[in-house]
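Subject: Structure handover and notes

Hello,

I am passing on the structure that we talked about, together with some notes for you to read beside it. Please open it first and keep it in view as you go through the rest of this message.

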Amino acid sequence: MYLEKHKFLHTALLILVLLGTCMVIGDGLLTPAISVFSAVSGLEFSMSKEHHQYAVVPITCFIIVCLFALQHYGTHRVGFLFAPIVVIWLLCISALGLYNIIHWNPRVYQALSPYYMFKFLKKTRKGGWMSLGGILLCITGSEAMFADLGHFSYAAIQIAFTFLVYPALILAYMGQAAYLSQHHPTSYQIGFYISVPDSVRWPVLIIAILASVVGSQAIISGTFSIINQSQSLSCFPRVKVIHTSDKIHGQIYIPEINWLLMIFCLAVTIGFRDTKHLGNASGLAVMTVMLVTTCLTSLVIILCWHKPPIVALCFLFFFGSIELLYFSASLTKFTEGAWLPILLALFLMTIMFVWHYATIKKYEFDLHNKVSLEWLLALGPSLGIARVPGIGLVFTELTSGIPANFSRFVTNLPAFHRILVFVCVKSVPVPYIPQEERYLVGRVGPAAHRSYRCIVRYGYRDVHQDINSFESELVDKLADFIRYDWYRTSRRNSCTDDDAPRSNASSNECRLAVIGTIAFSGAPAFELEDSVQPASVSGGFPSMESVTDVIEMEAVRLEKRVRFAIDDESETDSQNEVDLQVREELRDLLAAREAGTAFILGHSHVCAKQGSSFLKRLALNFGFNFLGRNCRGPDVALKVPPGSLLEVGMVYVV
């Protein structure tokens, strides 16, 4: 309740989430560079210093270009190689660690005791605290495991990390510590390869390069996933998303992001040419992601898991204090490479915040300027308005009322289609929407007007259909709704006084029915929300458009499902009349479908109203419109065929 009352807390929470998201994207840029560069740096022991200086960077850049160039094929084609490579790599570093422990210092196992950590910090004080910022590479990479959640279960990742990954890392670092304890005065700067025996250095180098490619692939896939989810929640400009696998849902490819990541990754590699600076940059990005995740998890503990606030505070204090210690230490490396993720995060946050802010303002403008239902019903031959054959799909963000772009369309072109459908595609903040809960259909006005409203809900991880299957499925849902609605009319009026409290007060529309996937044949099966209760498919979370959207969506929540069946043996005269009306409306729908479908979309231009601050005018007039012109339009995002597209220009003054 405290979060809901204060609007500035909404903004603060949004900025915190965007900061973590941008740092993940920054990590997706830095991880391929530092992983491949550090692996290739092992060539230093096999060639002279002069040759090494001119060989490492070109080889690293070549591997990075190949890595990004192969992304469009999808990881499922070569993914069967990833597990063996990672297992061989983990067993390799485990064996090397055991060899170094036994050969150089068997007592190094005592370093596992936390006593030595406290003793070290107590003795070194500020120097020890600052050194924490230089060892963050020991824990980086674990944040990339979230990318695997699309392919494996939580239990599988927990078991693999606990019984394989973590022991292998502990043995590897203990082995390096054992070696360095006996070879402290050294001129080499590479801690891993110096502890590898000469006889196995080349095989280890090859395995390390392959493992770095696999690790880079994981974080690149994670970057694609988080950008796709941000786009679904109106927090990122529209980009093309390609699903590379028919079987594995989480494997996607975003061409624009892929090539931008490659260019920046090459620039960082050529610009830094040093694992120290790359490590400082990557370490700050990782610690920021971990700190933001801890803060948000404490909110999840209260809001989603419904635990006492004291549990969340204990969680936040314990993990947050440790992460804050490392985060503050990494900030001391600002001039030594840590400035890069901060600069990149500020740039990305500006883009994402401006896009999200303008999207909200556009929605609020549509909400305040929507047309009443009476205006639509008054349109007719007396006003020179003609109804032409076909289906008109008017895409809008509104869940009730008539959008302003449709009124402008009718004003300038006094005709609209015989079958009119106001389509609202919503992305709700849950991963998936069951197919039987996806379509909500209702009438706009009386049945004779042949106007409908359809709300199509997608989760942020759902795959959107192509326009042909979407159009066919939408018509099928309309046909199912028509049969159900006329059957309900035979029992009671579609919008009676009893239904009035449940109807949308702003437009006097009938409530919407949730049309499931069961085909209408014989005894029809329909699902209808029977009462408005706090439970909803979105799990109680507001969508990203606005709080008003949540209020409107409450009228279409699924709370109770009822099955209706028609008894053919007890037909009455009124039932026969209903059957005739059903057949007539279905014939009109079929004839309109054969005549063709037109997709009516708004083409928007946003400008700040007079008296707005300079920052707002800069963000809306230049920033948002520039992004809108240079990203994919809604027609491309919805895969609308150009021959069936009607765009209506709209100027949004917000």
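Predicted model: local features only at pLDDT ≥ 70, side-chain atom pairs only at ≥ 80, totals over all residues.

Residues are numbered from 1 along each chain as its sequence is written, and side-chain values use heavy atoms, with hydrogens and water left out.

Nonpolar cores

In soluble globular proteins, nonpolar side chains tend to be buried together. A nonpolar core here is a set of buried Ala, Val, Leu, Ile, Met, Phe, Trp, Tyr and Cys residues joined through side-chain atoms within 4.5 Å, where buried means under 20% relative accessible area, exposed over 50%, and partly exposed in between, with a 1.4 Å probe and protein chains only. The largest core of this kind has 62 residues, and Phe-224 and Ile-227 are those with the most contacts inside it. Its largest share, 14 residues, is supplied by helix H2 (residues 7-40); helices (H or I, at least four residues) and strands (E, at least two) are DSSP runs, numbered from the N terminus. If residues up to four places away in sequence are not counted, Ile-227 is in contact (heavy atoms within 4.5 Å) with Ile-25, Phe-236, Val-239, Ile-254 and Ile-257. There is also a second, separate core of 35 residues, and Leu-393, Val-423, Val-425 and Val-475 are included in it.

Aromatic rings

Rings of Phe, Tyr and Trp (its six-membered ring) are called a pair if their centres lie within 6.5 Å, and planes under 30 degrees apart count as stacked, over 60 as edge-to-face and the rest as tilted. Across the whole structure, 13 aromatic pairs are found. One of them joins Phe-224 and Tyr-253 edge-to-face, with 6.0 Å from centre to centre and 85 degrees between the planes. This pair links distant parts of the chain, since Phe-224 belongs to helix H8 (residues 201-232) and Tyr-253 to strand E2 (residues 252-253), 29 residues apart. Both Phe-224 and Tyr-253 are buried.

Why is the pair of Phe-318 and Phe-319 edge-to-face? The centres of these two rings are 5.0 Å apart and their planes stand at 85 degrees, so the pair falls into that class. Phe-318 is partly exposed at 49% relative accessible area, and Phe-319 is also partly exposed, at 38%. Elsewhere, ring pairs link Phe-406, Phe-409, Phe-416 and Phe-422 into a cluster.

A charge counts as sitting over a ring if NZ of Lys or CZ of Arg is within 6 Å of the ring centre and within 35 degrees of the ring normal. Lys-362 lies over the face of Tyr-652 in this way, 5.4 Å from the ring centre.

Salt bridges

The structure holds seven salt bridges, each being a side-chain nitrogen of Lys or Arg within 4 Å of a carboxyl oxygen of Asp or Glu. In the bridge between Lys-276 and Glu-336, the closest N and O atoms are 3.7 Å apart. Lys-276 is in helix H10 (residues 275-303), whereas Glu-336, 60 residues apart from it, is in the loop between helix H11 (309-331) and helix H12 (339-368).

Glu-397 and Lys-426 form another salt bridge, at 3.9 Å from N to O.

Arg-443 lies in strand E5 (residues 439-443) and Asp-485 in helix H15 (residues 467-491), 42 residues apart. Through shared partners, salt bridges join Arg-443, Asp-485 and Glu-585 into one network.

Two backbone angles

Ser-234, in the loop between H8 and strand E1 (242-243), has a phi near 60 degrees, which is a positive value in a residue other than glycine. Ser-234 counts as buried at 15% relative accessibility. Arg-450 is not a glycine either, yet its phi is positive, at about 60 degrees. Arg-450 is placed in the loop between E5 and strand E6 (451-459), and at 6% relative accessibility Arg-450 is buried.

Best wishes
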